[in-house]
Amino acid sequence: MTQQKLSDTAPAAPGLEAAGPVTPTPGALSALRPLGLGQARLGAGGLLGRWRRRNAEATLPHCVDNLHGSGNIGNLRAAAGESGDEFAGMWFADSDVHKTLEAAAWQLATSPEDAGLRSFVDGTTALLARAQRADGYLNSYFTVVAPQERWARPDWSHELYCAGHLFQAAVAAARTGVSPDLLTVARRFADLLVERFGPDGVEEVCGHPEVETALAELYRVTGHRPYLDLARRFLDLRGRGLLGHGRFGPRYYQDHQPVREVREVTGHAVRQLYLLAGMVDVAVETGDLALLDAAERLWADAFRSRTYVTGAHGSRHREEAYGDPYELPPDRAYGETCAAIASFQWNWRLLLATGRARYADEMERVLYNAVAAAVSSDGRHFFYSNPLHLRTGHASTGEEAAARRLPWYSCACCPPNIARLMASLPGYLSTADDGGLQIHLYGDASLTTPDGRRVEMRTDYPWQGRVELAVTSEADAPWTLALRVPAWCAAYTVSVDGEPVRAPVRDGYVRVTRAWRPGATVVLDLEMPVRQVAAHPRVDAVRGCVALARGPLVYCLEQADLPPGTVLEDVRLDPAAPAVPITPGDREDLPDVPVVLTARGLVADAGDSLYTAGPRRERTGTPLTLTAVPYFLWGNRSEGPMRVWIPVAAAG
Ligand SMILES: [Zn+2]
């Protein structure tokens, strides 16, 4: 049990109580209300707290350095007329600045003393204001390189996409009280969008959705209805062919059908997922149930047949796209980091809207696996794509299929996206409603609802399934503490003040109702046996394989744990011998990994012939003891083959 003192409990900035990613207005169609960063505090101990601290100490400064080093800041200086430097990087490079600003704002909410981060926010906000055109337009590429093409290529330009990330940065800065000035910049641009694309304006949508969810959030911060109306209008205008056929066809950017009629996720996964986030935001703020239904229908499609066991989305490198149903090849998986983050954000919105645990289950799965794997243990190296199998002899085909994490990318969308998610992590742990407090993600944290209910949570999750909660507030009337029991969990116990209580799972949560007194304790114990996970038989690519999982963590085999000369693809798992969790203890190469799995396996002798007549028979070879490490840690010790799906040894 982790007992570290909470170090992250500095007094909240003014207004922070309501500050967090996604804050529906009081009138919204929302079942649950998030706790802001001032109400949910992650402690320094525990995995989630460590990830957030690493983000603050390593990832965020690394992003800031690279914005300077890669020319993103220089582009804005050129747009402000302060340098004659050539434009550097992608035409949507401003979005990396905006995402880093958003991350900085969430981080400053709990680390107001961080002078370096404060100076980045203030300096960059002032620079953005100087780079902004007199009419409110703000985009360094179309200011410096191609002013004559402003708004000319909505399928390709990413102008509204970049605007969306600016708005989200401004929302974070406003909600946390970090910078009111960024909101002024954002509103000037948003007002221009309303004027140009609003009710009497041009009928256009962006080839890369993002502005829809951002405008809805900007509405939530400002109360300015035209922003929400414009978000809805951008949704309503999709599926009318406004973007044209483009290089990959209208399904690529979700312009093939009206959003309320679509029945399956298609095309570029990040675009699809950001669009779905916007659909939920607009649905709950306008009471548009058809829009919410459409988002839930697409959720069912995405998670029934197009999601990796790690929570990653997008199985095709070409078009960075969703594949056909059950097309989930582990070695050719794309699984862009940004898609994992977008899935997390979309599921959060659906959870708030409906209160259904399945959305929190998916947040947990993608956070602990696909998102977590994308960043190195040192917080300064990143994956763009996230395969579930790196083959022996893999030849990297460029940045998007790298065999190891890289410090930065020419298209650097992923690293600052990780930074903003990790910085805002406390805002995703828990929610409140009139009846009490709901806890969705477990970690060392202090939680306070808007009406003063307080709980201290201590746990070694996800290494152990025991979660201890101490109520520290006084209440005259009963209220309900709801604790998610993940779908992977087959058995659990709950006790209150040491007494076992019968608390059945209802809608994915155990709910304990009491007139809680300070000092009351609740212990939830989720059993975490090692699971052998099998895929639906239609996932041909992994037939005959299982994945090892324990709690929310998916595990993998790495070359680093095999005897020298062993080819990873020849390794088989003995299905009759259950894998067991062990503490690596004195393994110097596995520091900070409390639990690895060990299993019985063997090296098969498959012969040399690529093809043989009839069913293939393998001769069993050398028995060996397998070590499986959490997937999110792969590639930190050495560059080498890895696989999540392990072939099972033939019987007999
Ligand atoms: Zn990305």
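This is a predicted model: local features need pLDDT of at least 70, side-chain atom pairs count only at pLDDT 80 or more; totals for chains, interfaces and linings use all residues.
Biologist: Why is the contact between Glu-203 and Arg-240 called a salt bridge?

Modeller: The closest N and O atoms of Glu-203 and Arg-240 are 2.8 Å apart. The cut-off is within 4 Å, so the pair qualifies as a salt bridge.

Biologist: Why is Glu-203 described as partly exposed?

Modeller: Its relative accessible area is 38%. Buried requires under 20% and exposed over 50%, so Glu-203 falls in between.

Biologist: How do you know that Glu-296 and Arg-356 form a salt bridge?

Modeller: The N to O distance for Glu-296 and Arg-356 is 2.6 Å. This value is within 4 Å, and therefore the pair meets the criterion. Glu-296 is in helix α11 (residues 289–305) and Arg-356 in the loop between α12 (337–354) and α13 (357–373), so parts 60 residues apart in sequence are tied together.

Biologist: What makes Glu-296 buried but Arg-356 partly exposed?

Modeller: Glu-296 has a relative accessible area of 13%, which is under 20%, so Glu-296 is buried.

Biologist: How many salt bridges does the rule give, and which residues are linked in a network?

Modeller: The count comes to 40 salt bridges. Arg-175, Glu-217, Arg-220, Asp-281, Glu-285 and Arg-349 are linked in a network.

Technical notes:
Residues are numbered from 1 along each chain as its sequence is written. Side-chain values use heavy atoms; hydrogens and water are left out. A salt bridge is a side-chain nitrogen of Lys or Arg within 4 Å of a carboxyl oxygen of Asp or Glu. Buried means under 20% relative accessible area, exposed over 50%, partly exposed in between (1.4 Å probe, protein chains only). Helices (H or I, at least four residues) and strands (E, at least two) are DSSP runs, numbered from the N terminus.
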